[in-house]
Amino acid sequence: MTSDAEVGADIADDELTMGIDPWEKNWMRFSIALLVGFAVAITIAGYAAGFQLPGAESEVDPRTVADEGPWAEPGLREIGDGQFEAYIISQTFSFNPPRLTVPVDAEVDLYVTSIDVQHGFKITDTNVNMQVVPGQVSKLSFTFDEIGEFPYICTEYCGEAHAAMFGTVIVVSEAEYVASLNGGDADESDDAGEGD
Ligand code: CUA
């Protein structure tokens, strides 16, 4: 009985290893160790070093998305104290909206999609850089803690005018932001008051 079982085990072991050369086995171990190493590196980058994978936040229909929910009115809106969300639609060869005015220190969830071909979305001088694929929503969060202008550009070749496809994030002081919400700057309302 036992000898039968041992013979069976030997055969099974032989079938499993298929007489693989020790060197080949070692290379296989090395390859697996590499994969584990990469997985650890990605985990550290994602959770400790602050890297985010854009990923597919959700799926949309590129033919109708521009009429749906928040996409029907792309742009920036406040969702909480200092918390904002921005919806941006990409198409050849522009971003809608072409300009985002953001108060300094705003934490913005950026949602970007495409209604035609594949584009890219990179905000200059930040680590925001993602692919924009039709049918998918790319999302990244970023805190704009510096006043200034930060162009966003298309980083995937999408046709003849690819190089002209860009927009601008304008980071302004809180006061300027409030003024911009009231339909322009305070000077304009002063001028309107003069017509008496
Ligand atoms: Cu859009 Cu290149």
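Is tyrosine 177 buried or exposed? Tyrosine 177 is buried, at a relative accessible area of 7%; buried means under 20% relative accessible area, exposed over 50%, and partly exposed in between (1.4 Å probe, protein chains only).

## Basis

This is a predicted model, in which local features need pLDDT of at least 70 and side-chain atom pairs count only at pLDDT 80 or more, while totals for chains, interfaces and linings use all residues. Residues are numbered from 1 along each chain as its sequence is written, and side-chain values use heavy atoms, with hydrogens and water left out.

## Sheet and helix

An open sheet is formed by 5 strands in the order 5-11-10-7-8, with mixed pairing. Strands are DSSP runs (E, at least two residues), as are helices (H or I, at least four), numbered from the N terminus; two strands pair if DSSP finds at least two bridges between them. At the edges are strand 5 (99–103) and strand 8 (129–132), each of which pairs on one side only. On average, neighbouring strands of this sheet are turned by 20° against each other, direction ignored. Axes here are lines fitted to C-alpha atoms, for helices over the stretch in contact, and angles run from 0 to 180 degrees between N-to-C directions.

Strand 10 pairs with strand 11 (residues 166–172) in the antiparallel sense, over 6 bridges. Phenylalanine 166 in strand 11 is the bridge partner of isoleucine 153. Helix 3 lies across strand 5 and strand 11 and runs at about 130° to strand 5.

## Aromatic pairs

The whole structure contains 8 aromatic pairs. Rings of Phe, Tyr and Trp (its six-membered ring) pair if their centres lie within 6.5 Å; planes under 30 degrees apart count as stacked, over 60 as edge-to-face and the rest as tilted. Phenylalanine 84 and tyrosine 177 make an edge-to-face pair, 5.8 Å centre to centre with 90° between the planes. This pair links distant parts of the chain, 93 residues apart: phenylalanine 84 is in strand 3 (residues 83–91) and tyrosine 177 in helix 3 (residues 174–181). Phenylalanine 84 is buried, at 3% relative accessibility.

Phenylalanine 121 and tyrosine 152 form a tilted pair, with 5.2 Å between centres and 40° between the planes. Phenylalanine 121 belongs to strand 7 (residues 119–123) and tyrosine 152 to strand 10 (residues 148–153), 31 residues apart. Both phenylalanine 121 and tyrosine 152 are buried. Ring pairs also join Trp71, Tyr87 and Tyr111 into a cluster.

## Nonpolar cores

A nonpolar core is a set of buried Ala, Val, Leu, Ile, Met, Phe, Trp, Tyr and Cys residues joined through side-chain atoms within 4.5 Å. The largest has 29 residues, and those with the most contacts inside it are Val108, Leu110, Phe121, Ile123 and Val169. Among the elements giving two or more residues to this core are strand 3, strand 6 (106–114) and strand 11. Beyond its neighbours within four places in sequence, valine 108 is in contact (heavy atoms within 4.5 Å) with residues including Leu76, Phe84, Val102 and Phe142. A second, separate core of 7 residues includes Val65, Tyr87, Tyr111 and Val137.

## Loop and cysteines

Aspartate 145 sits in the loop between strand 9 (136–144) and strand 10. Aspartate 145 is exposed, with a relative accessible area of 54%. Leaving aside neighbours within four places in sequence, aspartate 145 contacts Val104 and Asp105. Its C-alpha atom is separated by 8.7 Å from that of glutamate 107, 38 residues apart along the chain.

The structure holds 0 disulfides (pairs of cysteine sulfur atoms within 2.5 Å). Cysteine 154 is buried at 7% relative accessibility, and cysteine 158 is buried at 12%.
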